[in-house]
Amino acid sequence: MRAPNDTLQTAPAVSWIVMRMALIAVVAVGAFALNPLVGWQWVAVILAVTAAVLPQTFAAWGGAACIVIGMLVSEPDIGRAMLAVLLVHAIHVLTSLTLVIPAGSRVVLSALRPTVIRFVLVQAIAQPLTVVVMLGMGALEGTASWAVVAGGGAVVAATAVLLLAAGRSVSAARRRG
C-alpha cells in the first residue's frame, strides 16, 4: 500500500534526448536548405550527431559554420539570410542547452521559458537588422568588403573585451575565496 506522498509529480517535461534530436534536426534542415554543396551538408549532419553524442566537443558550432559556408558560396538573398540567422541562433541555443542538460535527465518545459523568451527577443532584433543589411548591400556594392572587415574587427574586439572581463571576474572571485 502506498502513502499519498509516495509519488512525485512534475510539470510537463521532455527527455534530454529530445533536446539533442532537435539539435540534429535544426543543423540538418539548415545544411540542406542553405548549403548547395552536398559534401558540406553531410559534414554538418555528422558534426551535429557528434555534438548530440558528445556535447563537450562543441561540434554543432562546426555544423553552423557549414551553413555559413553555404551562404558564402550562394547568391545573396534576404529570405535565405533571415533563415540562416534564425537557424544559426537556434543551433547556438540548443548546443548551449545540451552542454548543461545531463544525459538521462528530463527538462521541465517551464524551465525553458526564459531561454525561449531570450531567443524570441534576439530574433526580434536580429531579423530586422538582417533585412536592413541585406537591402543595404546593394547600395554599398564597392564598400561591402570593407564592411566585412570592419564587422570582423568588431567581433574580435568584442571577444577580447568579454574575455578580459571574464578573466577579471574569475580572478576577483579567487581573491575573495
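His 89 is found in helix H4 of this predicted model. Helices here are DSSP runs of H or I with at least four residues, strands are runs of E with at least two, and both are numbered from the N terminus. His 89 is buried because its relative accessible area is 15%, where buried means under 20%, exposed over 50% and partly exposed in between (1.4 Å probe, protein chains only). Not counting residues up to four places away in sequence, His 89 touches Phe 119, Val 122 and Gln 123; contact means heavy atoms within 4.5 Å.

Residues are numbered from 1 along each chain as its sequence is written. In this predicted model, local features need pLDDT of at least 70 and side-chain atom pairs count only at pLDDT 80 or more, while totals for chains, interfaces and linings use all residues; side-chain values use heavy atoms, with hydrogens and water left out.

**Overall make-up**
- The protein has six helices and two strands, and from the N terminus on its elements run β-α-α-α-α-β-α-α.
- Of its 177 residues, 29% count as buried.
- The protein exposes about 11300 Å², of which carbon and sulfur atoms supply 74%; accessible areas come from the Shrake-Rupley method with a 1.4 Å probe, and for residues only the protein chains shown count as cover.
- Of the contacts between residues at least 6 apart in sequence, 75% join residues at least 24 apart.

**Annotated spans**
- The unreviewed UniProt entry carries the annotation "transmembrane region" for residues 13–35, 42–72, 78–104, 116–140 and 146–166; UniProt positions are given in the numbering used here, feature names are shortened, and annotations may be inferred rather than shown by experiment.
- Residues 42–72 are 84% helix and 0% strand, with end C-alpha atoms 17 Å apart.
- Residues 78–104 are 85% helix and 0% strand, and their end C-alpha atoms lie 40 Å apart.

**Nonpolar core**
- The largest nonpolar core has 28 residues, among which Met 19, Leu 23, Val 26, Val 27, Ile 91 and Leu 97 touch the most other members.
- Helix H1 (16–34), H2, H3 and helix H4 (78–100) each supply at least two residues of this core.
- A nonpolar core is a set of buried Ala, Val, Leu, Ile, Met, Phe, Trp, Tyr and Cys residues joined through side-chain atoms within 4.5 Å.
- Leaving out residues up to four places away in sequence, Ile 91 touches Leu 23, Val 26, Val 27, Ala 60, Trp 61, Ala 64 and Ile 67.

- Gly 63 lies in helix H3 and is buried, at a relative accessible area of 0%.
- Apart from neighbours within four places in sequence, Gly 63 is in contact with Val 27, Ala 44 and Leu 47.
- The C-alpha atoms of Gly 63 and Ala 31 are separated by 7.7 Å, with the two residues 32 apart along the chain.
- Gly 39 is in helix H2 and counts as partly exposed, at 47% relative accessibility.
- Gly 39 and Cys 66 are 27 residues apart along the chain, and their C-alpha atoms are separated by 9.7 Å.

**Nonpolar surface patch**
- Leu 37, Trp 40, Val 43, Val 68, Leu 72 and Val 73 make a nonpolar surface patch of about 530 Å².
- Helix H2 (38–53) and helix H3 (59–73) are the elements that give two or more residues to the patch; H3 supplies the largest share, three residues.
- Patches are made of residues with over 30% relative accessible area and no salt bridge, like charges being joined within 9 Å and nonpolar side chains (Val, Leu, Ile, Met, Phe, Trp, Tyr) within 5 Å; a salt bridge is a side-chain nitrogen of Lys or Arg within 4 Å of a carboxyl oxygen of Asp or Glu.
- Trp 40 lies in helix H2 and counts as partly exposed, at 37% relative accessibility.
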